[in-house]
Each structure stands twice: as C-alpha cells, then as structure tokens.
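Q: I would like to learn how to read helices and their packing. Can we work through an example?

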Amino acid sequence: MPVLPELAAVLAAASARTRPEPPGGGPVLREAARGYWDRRGLHGAAGGIAAAPGAQPLLLALIGAHGGDVLMPRPCPAAWMPQARLLGRPAYHVPTPAECGGIPDPYALLETVRRVRAEGGRPKLLLLSVVDDPTATVAPPELVREACEAAVDEGLHIISDETWRDTVHRPRDTVLLSPAEMCPDDVTVIADLSGALVPAAWPVAVARFPDTPRAAVRHARTLDILTALGALVAGPVAHAAAHALGEPDSVRDRIRRAAALQTEVAAAAHRAVLGSGALARPPQAGRHLYADLGPLRSRLADLGVTDSMELEEYLTDRLGAPAPGGHRFGDELGALRVRLGTGPLLGATPQQQTESLAAAKPLELPHVARALDDFAAVFAELR
C-alpha cells in the first residue's frame with residue numbers, strides 16, 4: 001500500500017538522526033509499544049518491551065533466549081523453521097485443527113510433546129499465531145484456550161505472533177483472543193509493525209514480555225543477542241514507528257480502510273478459487289489466502305504440476321505475482337497448496353492503490369475488476 005503521508009513526514013523530520021536506537025529500542029519506542037498493547041488489554045511496563053529491525057532478527061533472539069526444542073503449527077510462517085534451524089534447535093510441526101490455522105490441535109500438541117520427550121528431546125517453546133499467516137484465519141477463542149492450556153500444562157513457553165491482528169477483515173464480527181490474556185505469565189507477544197502500521201521497507205518489530213522474574217531474565221538474554229547481531233532499529237524508523245504505535249486518527253483510518261478493502265477483494269479472490277474446484281478457508285485477516293489445489297491434481301498433472309514447488313512456479317508465471325507453495329510454510333511437498341497474495345489485485349501503481357483505498361465500491365474500479373478477472377481466468381483454466 002502507498003506510504004501514509006503523515007508517516008512519511010514524521011520519518012523525514014527524523015532523517016537527521018544518525019544514531020540507531022539502543023538494543024531493544026529507546027524509551028519513546030518502548031513506551032509507544034506499551035501503550036499500543038495496553039489499549040488491547042495487555043497491560044505491562046515499558047521495561048518489558050524489546051524492539052528489533054524486523055520480525056526475523058527479533059524471533060531469532062527470542063528463540064535463542066530460550067533453551068530446548070521448538071514446536072510450531074503446520075503450516076506456519078515461512079521464516080519460523082529456518083530461524084530454529086539457524087540456531088541448531090530441533091523443531092517439530094504440529095497439525096492444526098480443521099477450523100483454522102496458526103494454532104496447533106491441542107491433542108496433537110500433547111501427543112507431539114510426549115513423543116519428542118520419549119525420543120530424548122526437550123520441548124520448551126511453542127510458536128503460534130492467532131491471526132495466522134499463511135492461512136489468513138482467526139483462531140476461535142475456545143481453541144486458543146485449549147491449545148494454550150495444553151502447552152502451559154506441559155511446561156512450554158508460548159511466543160504468540162500477533163503481527164496481523166489489526167488486519168482482521170470484520171473486527172465487529174470476529175472475536176480475537178490473545179494467548180497473553182489467558183496465560184499472562186507464560187506468553188511473549190511479538191508483532192512485525194509492517195503487518196498493518198508501517199511500510200514493509202521500514203523494518204521494525206516489537207515484543208512484549210510477561211511481567212515475571214523469569215521473563216526479565218529472558219528479556220535480558222534477548223537484548224544480549226540483539227546486541228551481538230547488531231540488530232538495532234534505525235533512529236528515523238523508530239521515530240515513525242512510535243508515531244504509528246500511538247495510533248493517531250490518520251493511522252486508525254488507514255487501518256480501517258485497508259481492512260475494509262481487503263475484505264471485499266479477498267472474498268472475491270476466494271470465490272474465484274472455489275469456482276475452480278479448489279479448496280480454501282474463507283480469509284478473515286491479512287492480505288492473502290491459502291488454497292489447496294489437491295482436488296485439481298489430475299488437471300495439474302496434465303500441465304506438469306505434481307508438487308507444491310511446481311505449483312509455485314506455474315502460478316507465479318500465470319498470475320505474474322509471487323505465489324509461494326505450501327512447502328515454504330511447512331506443508332508436505334506433495335500437497336498442492338499455495339499462498340495467494342491479494343495485494344497485486346489492488347492496483348499496479350500507488351495512484352491506483354490509493355484510489356482503491358478511497359473507493360466505496362472498489363470491485364467496480366476498472367483496474368481492480370480487470371485484475372480479478374485475470375486472477376479468476378487462471379483458475380478457470382484448471383477446471
């Protein structure tokens with residue numbers, strides 16, 4: 001999406017800052033993050049906040065600050081498994097329930113923990129995302145509660161990635177429950193601000209630690225790792241991020257408009273995917289949907305597509321936009337799954353994207369209608 005002019009002005013005003021933030025972020029950025037979470041019912045002190053130049057170095061530091069093996073749902077964000085492997089940590093996927101992605105099935109989680117321990121492993125950390133990338137689903141509160149209770153009972157600490165919580169398509173109709181609301185002493189929350197608040201080219205992410213002595217030790221270890229990595233937020237970016245975290249009216253309005261736009265465009269893309277005979281959960285958040293083209297396996301085989309790597313190559317070429325296969329998110333290579341971004345459907349230029357944001361009926365805009373027609377045609381060929 002185009003850069004919000006107010007944020008661009010804030011960044012420009014801070015462009016003369018030549019020093020990066022201290023490890024974990026300076027007091028202004030940390031206080032802004034504290035206030036952001038406080039407005040969402042997650043209360044705490046600014047001293048329990050850590051910031052980094054993007055979600056990947058922050059997650060790397062958080063995993064490094066914890067001992068033991070790592071568990072995560074299948075599918076999961078593309079960066080999670082590589083982060084664990086980079087640290088040499090054993091990592092295990094746990095199946096998700098039929099209703100949603102992002103949260104491990106509670107019974108499968110218990111079985112995985114017991115199996116890993118029986119094999120000599122030390123499961124200590126669970127990564128999950130209530131508002132999920134890649135599936136674009138929002139986990140029902142009862143499933144969140146069951147999964148978190150199972151994890152805590154088995155002695156796992158939870159890292160809850162809530163990057164996409166502000167992109168929920170229908171916030172009035174969707175109940176979003178953070179694991180930190182239920183298990184405040186056992187959950188660290190992280191958010192990549194490029195999910196909704198700042199442009200992707202301005203790398204900054206924040207983490208909120210529990211208010212416990214054990215969490216204070218992990219916070220200190222995280223800062224040590226960020227220092228060793230040189231993972232410091234740029235001064236101008238920190239200034240703009242703090243402004244965005246304060247959620248002035250312009251930022252709130254952009255978030256609302258973007259969510260409303262994605263609601264319509266993602267639903268139209270979902271209808272096109274289902275019309276081909278493929279499967280996909282209805283997208284509830286984010287800027288993408290996750291499709292299973294397994295029912296079209298015979299037709300795809302005729303086109304030389306037999307696994308998710310070949311599906312990625314085929315759809316990326318036909319759509320003219322990246323379509324990462326499910327193998328990048330932990331799904332099996334033989335499963336014909338793919339994440340389809342909806343951003344390219346909003347316009348090819350900042351002017352078109354701005355027009356899409358402002359439109360009362362964005363699907364009737366010529367550039368949006370044309371993009372959706374082209375998208376649907378690719379899937380219609382697979383029927």
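Q: Which residues in α10 meet which residues in α14?
A: This is a predicted model. In α10, Val265, Ala268, Ala269, Ala272 and Val273 make the contacts, and their partners in α14 are Val368, Leu372, Phe375, Ala376 and Phe379.

Q: What describes two packed helices?
A: The angle between their axes and the distance between the axes describe them. For α10 (residues 249–275) and α14, the angle is about 25 degrees and the axes are 9 Å apart. Angles under 35 degrees count as roughly parallel, and α10 and α14 are therefore roughly parallel to each other. Their crossing is right-handed.

Q: At what angle do α5 and α6 cross, and within what distance do their axes come?
A: The axes of α5 (residues 106–118) and α6 (residues 141–153) cross at roughly 15 degrees and come within 9 Å. These two helices are therefore roughly parallel to each other, and the crossing is right-handed. Pro106, Leu109 and Leu110 of α5 meet Leu143, Glu146, Ala147, Ala150 and Ala151 of α6.

Q: Why does the span of α12 agree with its number of residues?
A: At 1.5 Å a residue, the 12 residues of α12 (residues 308–319) should span 16 Å, and the end C-alpha atoms are 16 Å apart, so the two agree.

Q: What is found at the start of α12, and what follows this helix?
A: At the start, a side-chain oxygen of Asp307 reaches to within 3.1 Å of the backbone nitrogen of Met309. Gly320 follows α12 and has a positive phi, near 70 degrees.

Q: Which residues of α12 are buried, and what covers them?
A: Ser308, Leu311, Glu312, Tyr314 and Leu315 are buried. Their cover includes α11 (297–302), β10 (337–341) and α14 (366–380).

Definitions and conventions:
Residues numbered from 1 in each chain as written. Predicted model: local features only at pLDDT ≥ 70, side-chain atom pairs only at ≥ 80, totals over all residues. Heavy atoms only, no water. Helix = DSSP H or I, 4+ residues; strand = E, 2+ residues; numbered from the N terminus. Expected span 1.5 Å × (residues − 1). Buried < 20%, exposed > 50% of the residue type's maximum accessible area, 1.4 Å probe, protein only. Contact = heavy atoms within 4.5 Å. Polar contact = N/O pair within 3.5 Å; in protein donor to acceptor, adjacent residues only side chain to side chain. Axes fitted to C-alpha atoms, helices over the stretch in contact; angles between N-to-C directions. Parallel < 35°, antiparallel > 145°, perpendicular 65-115°, else oblique. Left-handed = near helix turned anticlockwise from the far one by under 90°.
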